[in-house]
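The exercises below are to be worked with the sequence and the 3D structure at hand. Each task is followed by a solution in steps.

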Amino acid sequence: MSTWNSLHKSIKSNLRKFLLTEYAWIRPLVKAVWILFFSFIVLFPLYIYSVSIDLFGLYGGMPGLKAIENPENDLSSELISADGVSLGRYFRYNRSQVTYDRLSKDLINTLLLSEDHRFYRHSGMDFIAYLRVAWGLLTLNPQGGGSTITQQLAKNLYTMNPDLNLDGKLSRLGRYPRRIIQKTKEWIISFHLEKNFTKEEIIALYLNTAEFGSNAYGIQVAAETYFNKSPDSLNIQESAVLVGMLQAITRFNPVYNPENALRKRNEVLYKLYRHNYITRAAYDSISRLPIELNYRVQNQNEGLAPYFRSVIRDDLMKWCKEHGYDLWESGLKIYTTIDSRMQLYAEEAVAEHMKQLQAVFDEHWRGRNPWIDDDFKEIKGFLQTRIRQTDTYKNLVARYGENSDSVRILLNLKKPMRIFTWNGERDTLFSSMDSLNYYKRFLHTGLIAIDAGSGAIRAWVGGINHKYFKYDHVRQGKRQPGSTFKPFVYGAALEYGYHPCYELYDISPSFKVPGGTWYPPNSDGKYGSGEKMNLRQAMARSINSITAQVLQRIGEKNVVEFAHRVGIQSPLDPVPSLCLGVSDVSLYELTGAYCTFVNQGIYTEPYYITRIEDKNGNVIENFVPKTREAISQQTAYKMVYMLRGGVEESGGTSGGIGRDLKEDNEIGGKTGTTNNASDGWYVGVTHNLVTGVWVGGDERSIHFRSWDMGQGSRTARPIWEKFMRKVYLDPAIEYKKGRFRQPITGLDVTLDCDRYKVPSDTLHVEEKPWDDFH
């Protein structure tokens, strides 16, 4: 035993001498390590504290505890249809929040197992991950980052937000000091986030604040943009694609870098397999699948009802200003009257007919320019005049001067351009003059469908393509309504005691106007046939001469007053030509006025918003339509009977409507065509839905050469028919066929012209010579 002790002492002594002589440098190193360790234990908390209070302004400010407990970020305001479908958003950053219970299980587990599999075992900082990162740096073999989901949330909310100005004096010394301070703030904020939120709330917050490219902020918009799904419907492979993008948005974007995205998705899937979330067989199977996208970037040109969204934006901004909200950031939920199914059918009907009509128009004008004067001669210098109205021309003149050759050269300089066609977008080489020449040849349209009883707007199509043609032809555009104005002339006459069966002769009356005498011609250019017909027949066939006689009898001012009372808002000139619809009106107000006839004389101002909620679902305001009694039920029903004449009377301009629409259904309608067929109109009425359609060129000078080809029954009415057919074929839509409501008290007169004979009246009007009638 003593020998063993002696040997032990000898070894210990010799080892000590060896270390002191051969490795003397170790001793101060060990000492230094201990000093550094204890210094870290003491100084690190002081450093953390100094960062948290921004000592001497060295580190930059920190968000207060209240801000951490109530994190805010820009939220897009969403338009929602009457049937619960998102129509689109108003946003600076397209972001919409979802709660944890609206995230799919696959999405949550994919996120945790890929990004932070110890998420439920740490309190915001994963020290095991930090050691892994440190070892990777020491061995020059990086093993990934060490940030937790909580830290990434902190970065999303605060430290990467330049608006908060969190940089201090030390951050200006360079990238590394800035990065160290940033990480420190992430740790501090992470601590407070873990203290104030549950783990589930942190997951939801993180996914709501993450950016996914393609103007998609937050998992809700990302799921819609890339897969046209809600977050609760995302499967494993879709979740893996989106989670993979979190590490590098552009590099792993499945649209722009599909190979990188596929490789990254499979890396994420392998992590799921490694953590036993999926089997090896499932991994092998899924990893072989391609990435299937349903990609659609959300912007104001895409989605349903883009014209509607664009036009009502100003109304919403005004409301927000009055109530202290920001339309672009407050996350409002705006519930509209638009029915997404009817809106889709309206857009389909417009596209189907306008594509065909444009082909006819192009063929009609092949080899010629469609801008012509009243004598059907081409307007010289048309494009040169119109180019001067463009921003391109004005900017060039401001830069080079009006008489500079540079302006002319640059206007004719061809450059790559993507253009609209009815067969899809096409890339080409166009100059500014080429572009103007190309787009001026398109026909345009507008459609609005209004619930006759409530005034709720169910569909709104303002044009053929919002991306290329921004102008709205429902409410912004105003054109002459032509014969669609005639019902207001006849309506005023009915109030004065005239009857739908009242008979007059088709003879043009004379009006004294400045410069001589005016005789209103019929659509065929003649001044009457001499045929006797009742008012219903005259309106059904759109006979100008009889409408003019009625106007002459009751007076222009009375017609103006009646039209304004039932819903026309635009100024109307009390002149003889008023009977032919020469005063400009919008499709919006015209269709709303027709609703008065169907709604038993009650005018309901068309409306499109039912309520607005804040981001938490609290109702801020409910909207109730404004109504007033405009005309009696008796007059309203007689006008409905008159409108039905267009469908039921021989020679009526709505007589060509398909049998499938007329079967078991009462329909009324009125066509309208202005001079030279510049504008084609149609307003169709059923017992519960009134729909107006307009078709025309960008300018009144752009139209068919033939009145027959450009009349409303050919240009506008087919859109109405296609739309109504689609609506009736959808059993889920509430608008069904039916009969118009009669007055509660019953009719005060019979509407059977065979039973109720009204003595014909010979008007004392100056007649054109009979030779002029033919």
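Helices (H or I, at least four residues) and strands (E, at least two) are DSSP runs, numbered from the N terminus. This is a predicted model, in which local features need pLDDT of at least 70, side-chain atom pairs count only at pLDDT 80 or more, and totals for chains, interfaces and linings use all residues. Residues are numbered from 1 along each chain as its sequence is written, and side-chain values use heavy atoms, with hydrogens and water left out.

**Exercise 1. The surroundings of Ser81**

State where Ser81 lies, whether Ser81 is buried or exposed, and which residues Ser81 is in contact with.

Step 1. Ser81 belongs to the loop between β1 (77-80) and β2 (86-90).

Step 2. Buried means under 20% relative accessible area, exposed over 50%, and partly exposed in between (1.4 Å probe, protein chains only). Ser81 has 2% relative accessibility and therefore counts as buried.

Step 3. Contact means heavy atoms within 4.5 Å. With neighbours within four places in sequence left aside, Ser81 is in contact with Leu87, Thr336, Ile338 and Ser340.

Step 4. A polar contact is a pair of N or O atoms within 3.5 Å; within protein, one must be able to donate a hydrogen and the other to accept it, and residues adjacent in sequence count only if both atoms are side-chain atoms. The side chains of Ser81 and Asp83 are joined by such a contact, of 2.6 Å.

**Exercise 2. The five-stranded sheet**

Give the order of the five strands in the open sheet, and find which helix lies across β1, β2, β3, β13 and β14.

Step 1. Two strands pair if DSSP finds at least two bridges between them. The order is β2-β1-β3-β13-β14, with mixed pairing. At the edges are β2 and β14 (619-622), each pairing on one side only.

Step 2. Axes are lines fitted to C-alpha atoms, for helices over the stretch in contact, and angles run from 0 to 180 degrees between N-to-C directions. Neighbouring strands of the sheet are turned by 20° against each other on average, direction ignored.

Step 3. β13 (residues 609-613) pairs with β14 in the antiparallel sense, over three bridges. Ile612 has Glu621 in β14 as its bridge partner.

Step 4. The helix across these strands is α13 (residues 306-323), which runs at about 55° to β2.

**Exercise 3. Helix α23**

Step 1. Just after α23 comes Gln600, with a positive phi of about 55°.

**Exercise 4. Strand β17 and its partners**

Find how many residues of β17 are buried, and which strands pair with β17.

Step 1. Seven of the seven residues of β17 (residues 679-685) are buried, so this strand is largely enclosed by the rest of the structure.

Step 2. In a regular strand the side chains alternate between the two faces of the sheet. Asp679, Trp681, Val683 and Val685 point one way from β17, while Gly680, Tyr682 and Gly684 point the other way.

Step 3. β16 (residues 668-673) pairs antiparallel with β17 over six bridges, and Thr673 stands opposite Gly680. These two strands form a hairpin with five residues between them, and Asn676 in the turn has a positive phi of about 60°.

Step 4. β18 (residues 689-697) runs antiparallel to β17 and is joined to it by seven bridges. Val685 has Val690 in β18 as its bridge partner. The hairpin of β17 and β18 has three residues between the strands.

**Exercise 5. Lys478**

Locate Lys478 and list what Lys478 is in contact with.

Step 1. Lys478 sits in the loop between β7 (457-461) and α19 (486-495). At 38% relative accessibility, Lys478 counts as partly exposed.

Step 2. Neighbours within four places in sequence aside, Lys478 is in contact with Ser570, Asp584, Val585, Ser586, Glu589 and Arg700.

Step 3. The side chains of Lys478 and Ser570 form a polar contact of 2.8 Å.
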